[in-house]
Amino acid sequence: MGRKCLDYIKELNDYIDGDLDPALCEEIEKHIGHCENCRIMVDTMKQSVKLCREGRPVELPKSLESKLNNLLKDRWQIKFGK
């Protein structure tokens with residue numbers, strides 16, 4: 001019985017990072033060659049990694065920055081106290 005999508009999902013991070021055994025990489029590439037859902041997942045993960053690595057800072061409008069800071073402070077206090 002062949003492996004299914006769920007069998008590969010736990011390996012995808014290592015696959016994208018290039019940390020898998022070459023035989024397993026080949027198996028995953030063969031799977032994503034015919035599984036559209038897994039191919040979309042891998043492409044999305046690769047794009048997310050690329051965007052995070054580029055990490056271009058974006059300046060927020062002051063009002064949004066203030067709201068975000070207050071929200072984070074409130075969540076921190078609820079979770080961890082003062």
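**Aromatic pair**

I am working on a predicted model here. With that rule I find one aromatic pair in the structure. The rings are those of Trp76 and Phe80, with centres 4.4 Å apart and planes at 50°, so I log the pair as tilted. Both residues sit in helix H5 (residues 62–80), four residues apart, which puts about one helical turn between them. I also looked up Trp76 for accessibility: at 53% relative accessibility, Trp76 counts as exposed.

**Core**

Next I went to the largest nonpolar core, which has eleven residues, among them Tyr8, Leu12, Tyr15, Ile28 and Val42. Helix H2 (12–17), H3 and helix H4 (36–54) each give at least two residues to this core. H3 supplies the largest share, four residues.

I then checked what Tyr15 touches. Leaving out residues up to four places away in sequence, I get Leu20, Cys25, Ile28, Glu29, Ile32 and Val42.

**His31**

His31 belongs to helix H3 (residues 22–34). Is His31 buried or exposed? Its relative accessibility is 8%, so I put His31 down as buried. Apart from neighbours within four places in sequence, His31 is in contact with Cys5, Tyr8 and Cys38.

**Salt bridges**

I count three salt bridges. In one of them, Arg3 pairs with Glu27, and the closest N and O atoms are 3.5 Å apart. Arg3 lies in the segment before helix H1 (5–9) and Glu27 in helix H3, so this bridge ties together parts that are 24 residues apart in sequence. Arg3 is partly exposed at 33% relative accessible area, and Glu27 is partly exposed at 32%.

Glu54 and Arg56 meet through their side chains at 3.0 Å, N to O. Glu54 counts as partly exposed at 35%, whereas Arg56 is exposed at 65%.

Lys62 bridges to Glu65, with the closest N and O atoms 3.8 Å apart. These two are three residues apart in helix H5, so about one helical turn separates Lys62 from Glu65. I have Lys62 as exposed at 61% and Glu65 as partly exposed at 32%.

**Surface patch**

Last, I looked for nonpolar residues on the surface. Leu60, Leu64, Leu68, Leu71 and Leu72 form a patch there, with about 410 Å² of accessible area together. I picked out Leu71, which lies in helix H5. Leu71 has a relative accessible area of 40%, so I note it as partly exposed.

Conventions:
Residues are numbered from 1 along each chain as its sequence is written. This is a predicted model: local features need pLDDT of at least 70, side-chain atom pairs count only at pLDDT 80 or more; totals for chains, interfaces and linings use all residues. Side-chain values use heavy atoms; hydrogens and water are left out. Rings of Phe, Tyr and Trp (its six-membered ring) pair if their centres lie within 6.5 Å; planes under 30 degrees apart count as stacked, over 60 as edge-to-face and the rest as tilted. Buried means under 20% relative accessible area, exposed over 50%, partly exposed in between (1.4 Å probe, protein chains only). Contact means heavy atoms within 4.5 Å. Patches are made of residues with over 30% relative accessible area and no salt bridge: like charges are joined within 9 Å, nonpolar side chains (Val, Leu, Ile, Met, Phe, Trp, Tyr) within 5 Å. Accessible areas come from the Shrake-Rupley method with a 1.4 Å probe; for residues, only the protein chains shown count as cover. A salt bridge is a side-chain nitrogen of Lys or Arg within 4 Å of a carboxyl oxygen of Asp or Glu. A nonpolar core is a set of buried Ala, Val, Leu, Ile, Met, Phe, Trp, Tyr and Cys residues joined through side-chain atoms within 4.5 Å.
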